[in-house]
Amino acid sequence: MQTITIIKPDDFHLHLRDGIALSTVANHTAAQFSRAIIMPNLNPPVVNTEMALAYKKRILQCVDGKYNFEPLMTLYLTDNTSVSTIKTGAESNIIKALKYYPSGATTNSDQGVTDIKMTYMALNAMMEDGLPLLVHGEVTGDDVDVFDREAVFIDQVLIPLVKDFPELKIVFEHITTRAAVDFVMESSDKIAATITPQHILLNRNDLFKGGLQPHHYCLPILKAEDDRQAVSEAATSGNPKFFLGTDSAPHTRTMKETSCGCAGIYSALNALEIYVEAFDSVGKLDKLEAFASHYGADYYDLPRNMEQMTLIRNEQDIPDVFPLGDDEIVPFRAGGTCSWQLKK
Ligand code: DOR
Ligand code: ZN
């Protein structure tokens, strides 16, 4: 196949940041995706509908008029999120989900949840209103090996949570392990998962190939080859529980290439093209459209998009860097190539 035409997809997990970073990255996503679930881990975090509405306006101000892009806003769940915050969010029609960061798990998660039990009133309200909980599924704490954090989270947090709230919609974000794939497949249809390009394509050897690779450092961290295979198989399986979420997370080059670098891979520049290449490489191009354009919308009870887009098999170079104010961003697969290209 030399071209593929699909319904314009949605990105169900995206970090756009704010200010100059937002204005630099927003159009990369808008060029490829109709809608995106926008992560609320700003500093300070987006904790109520008013803040989400203001952030949505700032996002739309940065999007070029030629794109018809809709940011789908989320709230950052804290120990103090009230039932009225949930009710206001649900009634507003602006808020599509709440994001649960275990406190200390990742970028700007200091105000995240210290104990899931603290949020039970809010979760109950979300369950009543049909608002999904998006989980960063890792336990924190030095006693757990960094490669085991997702699997331990399933046992310690997710299984009890699903038992206590069987009707709550939960998206297990950016899954990285066979354990997570199995958990999602064995759960009810309330439980779904997003999958990033890096967790389909890379394993933990890619963190150290030829030296330390800070631009492959994200959280949850890349896992072993067996896990990568399980994630790739889930993405390309045609199971509607698994859908596209890039977790594209821009950090400046300075913040990545330093003695204590930030977690996050910036894939938004070529995300769709890279997913296409990944599906093509395992002979599953026929499963791409549903993963990218149907299943996420269906899960969120959103109409499927109408617009179509075409990709062409045509090798393109991925730039080494692009400017961000006085600094730079190093995109995913910088300096490499991608064998598919969006038709302009
Ligand atoms: O690698 C990551 N970067 N994982 C996350 O969970 C957060 C994200 C970010 O915001 O930089
Ligand atoms: Zn994320």
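This is a predicted model: local features need pLDDT of at least 70, side-chain atom pairs count only at pLDDT 80 or more; totals for chains, interfaces and linings use all residues.
Local features were taken at pLDDT of at least 70 and side-chain atom pairs at pLDDT 80 or more, while totals for chains, interfaces and linings use all residues, and side-chain values use heavy atoms, with hydrogens and water left out. Residues are numbered from 1 along each chain as its sequence is written, and chains are lettered from A and ligands numbered from 1 in the order in which they are written.

Ligand 1 is surrounded by 14 residues, of which Arg17, Asn41, Thr107, Leu219 and His251 are the closest; a residue is counted here if one of its heavy atoms lies within 4 Å of the ligand. Sorted by class, this shell holds eight polar, four nonpolar and two charged residues, where Ala, Val, Leu, Ile, Met, Phe, Trp, Tyr, Cys and Pro count as nonpolar, Asp, Glu, Lys and Arg as charged, and the others, Gly among them, as polar.

Several N or O atoms of the protein approach oxygen atoms of the ligand. In the side chain of Asn41, an N or O atom is 2.9 Å from an oxygen atom of ligand 1, and a polar side-chain atom of His136 lies 3.1 Å from an oxygen atom of the ligand. Gly264 contributes through its backbone, with an N or O atom 3.3 Å from an oxygen atom of ligand 1. Of the 290 Å² of accessible area that ligand 1 has on its own, the protein covers 100%, with accessible areas computed by the Shrake-Rupley method with a 1.4 Å probe and, for residues, only the protein chains shown counted as cover. The space taken by ligand 1 is the largest cavity, a cavity being a set of points, on a 1 Å grid over the protein atoms alone, where a 1.4 Å probe fits but cannot get out; a molecule sits in a cavity if more than half of its atoms lie within 2 Å of its grid points.

His136 is also joined to His174, through a polar contact of 3.4 Å between their side chains. A polar contact is a pair of N or O atoms within 3.5 Å; within protein, one must be able to donate a hydrogen and the other to accept it, and residues adjacent in sequence count only if both atoms are side-chain atoms. His174 lies in the loop between strand 7 and helix 6, helices (H or I, at least four residues) and strands (E, at least two) being DSSP runs numbered from the N terminus. With a relative accessible area of 1%, His174 is buried, as buried means under 20%, exposed over 50% and partly exposed in between (1.4 Å probe, protein chains only). The phi angle of His174 is near 35°, a positive value in a residue other than glycine. Thr177 is found in the loop between strand 7 (170-172) and helix 6 (178-186), and counts as buried because its relative accessibility is 5%.

Two cis peptide bonds were identified. One runs from Asn43 to Pro44, with omega near 0°, and Pro44 is found in the loop between strand 3 (35-38) and helix 2 (49-62). The other runs from Leu219 to Pro220, with omega near -5°, and Pro220 lies in the loop between helix 7 (197-201) and helix 8 (225-235). Tyr217 lies in the loop between helix 7 and helix 8 and, at 27% relative accessibility, counts as partly exposed.

His294, in helix 11 (residues 288-299), is classed as buried because its relative accessibility is 14%. Arg333, in the loop between strand 12 (327-329) and strand 13 (337-342), has a positive phi near 65° in a residue other than glycine, and is partly exposed with a relative accessible area of 23%. Asp320 is placed in the loop between strand 10 (308-317) and strand 11 (322-324), where its relative accessible area of 54% makes it exposed. Although Asp320 and Ala334 are 14 residues apart along the chain, their C-alpha atoms are separated by 4.5 Å.

Methods. On a 1 Å grid over the protein atoms alone, a cavity is a set of points where a 1.4 Å probe fits but cannot get out, and a pocket is an open set with protein on both sides within 12 Å along at least five of seven lines; lining residues have an atom within 4 Å of a point.
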